[in-house]
Amino acid sequence: MTAPAPIEFSDTTVVAVSPRQISSAMGAEQAILQLDSGKYFGLNPVGARVWQLLVQPRQVSEVLATLLAEYEVPADRCRADLLVLLRQLAAAGLIEVRNA
Amino acid sequence: MSEPSAYALYGLVIRSELPLAAPVAPAAAGGDLTVRLGEELPGGAAPPVGEIWAQVDFGHGQVTQLTRTPAGWSLHYATAGEFRLAGDLRSATAHPLPGKAEVLPLLLSGSVLSWWLNLRGEPVLHASAVAIGGEAIAFLGASGMGKSTLATLLCSAGARLVTDDVLRLRRLPDGFACHPGTGELRLRPNAAPLSALFPADQANRSTDGRTTVRFASAPAGLPRLRAIFLPRPNRELRELRVEPLSPVQASFHLNGYPRVLGWRVDEPRRRQFELFAALAQAVPVCQLHVPWGPPFDANLPNAILAAANLALPAS
């Protein structure tokens, strides 16, 4: 089992997809299987875009900057939504989170 | 020792001392797996010691366990016996628990070959399929969800049985085709009256108490899979309702109904996930909300086929 993931994120927190999952892009969406829990997850197009970014380890600030460049969304709203998604992904064991 | 009979099943040639309800393979056919009957196990025999690759508990003491052993694999059925598979997956021996020898052939043609195919790297679906000409539709779901009932209704209307309960797929450059199964539909007691839709000489009883309907010939060639339906029986419903699923939704549902469950190792689950993801993108998958019977609406087979853009040949 994966260790409990920290749920606090800062701009410098590094996030990346977990090696304990497999995923498949389906059109603009993403299907994911967590190998330890056996649970399946689906991401909508925006979540799938975040997922693609996390294939390489990235700082939260970098992910946020990319999303702000690609979507017309207020920065504070984008940050809040991103952190919600990252917490959910971490709680599900789908991403690894590393704080400096 | 007598030479085992050769059967054609799921696109394979199975040589087996256990009698299978499956078409006989051509005399010159080779053999993918040879199964011999081994000695009886003592009552209550436990699975062997080894790395547990999969375990699934169906309740009422029915536990299936796949164990890696020094000699290969053990597939242990707590209420029936054990199949010991050689490391090269070319041969196996079947060992019944006392008084359980007669259930081993059914286990072999369904569960055991499904595990064996997975060990060879080929996930299979928990599905029944019928064909119209060279095109097939599949009914996917857990036991008791109506797969065999719907396949029976379609066959009574003129479709041909492809397989019941185990669907092995062949990947095509632009889709999937279906390998034929045993040529027999197995009906639970509440669906058994449907056997009356067929000539009496096609109906029989299986060793697990189900009513079976036997079909003489499998469809020629491998029919192309045109749609996958997930039956949702509903006695309150008046009309068939078809609910298409997005590829992501379809993938989730497909992953919910592999023919074998309970893996504790990653590789078979990865293969399942990858196959089902490809399938969900190549073949339409729909939930099928079916006005359930008996009695069933006489137009139900046509309505189901129409949902896959297929039609019965004019009689």
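Predicted model: local features only at pLDDT ≥ 70, side-chain atom pairs only at ≥ 80, totals over all residues.
**Entry 1: the parallel strands**

I began with β3(B), residues 33–37, and looked up its partners. Strand β2(B), residues 12–16, pairs with β3(B) in the parallel sense over three bridges. I found Ser16(B) opposite Val35(B) of β3(B). β3(B) also pairs with β8(B), residues 91–96, again in the parallel sense, over four bridges. There, Leu37(B) has Ala94(B) in β8(B) as its bridge partner.

**Entry 2: strand β9(B)**

Next I asked myself: is β9(B) buried or exposed? Six of the six residues in this strand, 127–132, are buried, so β9(B) is largely enclosed by the rest of the structure. I checked each face in turn: Ala127(B), Ala129(B) and Ala131(B) are buried on one side, and Ser128(B), Val130(B) and Ile132(B) on the other.

Then I followed its neighbours. β10(B), residues 135–140, runs antiparallel to β9(B) and is joined to it by six bridges, with Ser128(B) opposite Phe139(B). The two strands form a hairpin with two residues between them, and I noted a positive phi of about 60 degrees at Gly133(B) in the turn. β11(B), residues 160–163, is antiparallel to β9(B) too, over three bridges; here Ala129(B) is partnered by Thr163(B).

**Entry 3: two helices**

Last, I looked at how α2(B), residues 147–156, meets α5(B), residues 300–307. Their axes lie 9 Å apart at an angle of about 105 degrees, which makes the two helices roughly perpendicular. Leu150(B), Leu153(B) and Leu154(B) of α2(B) touch Leu300(B), Pro301(B) and Ile304(B) of α5(B). I sorted these contact residues as six nonpolar, no polar and no charged.

Notes: Residues numbered from 1 in each chain as written. Chains lettered and ligands numbered in written order. Axes fitted to C-alpha atoms, helices over the stretch in contact; angles between N-to-C directions. Parallel < 35°, antiparallel > 145°, perpendicular 65-115°, else oblique. Contact = placed C-beta atoms within 7 Å. Nonpolar A, V, L, I, M, F, W, Y, C, P; charged D, E, K, R; others polar. Pairing = 2+ DSSP bridges. Buried ≥ 20, exposed ≤ 12 C-beta atoms within 10 Å, placed from the backbone.
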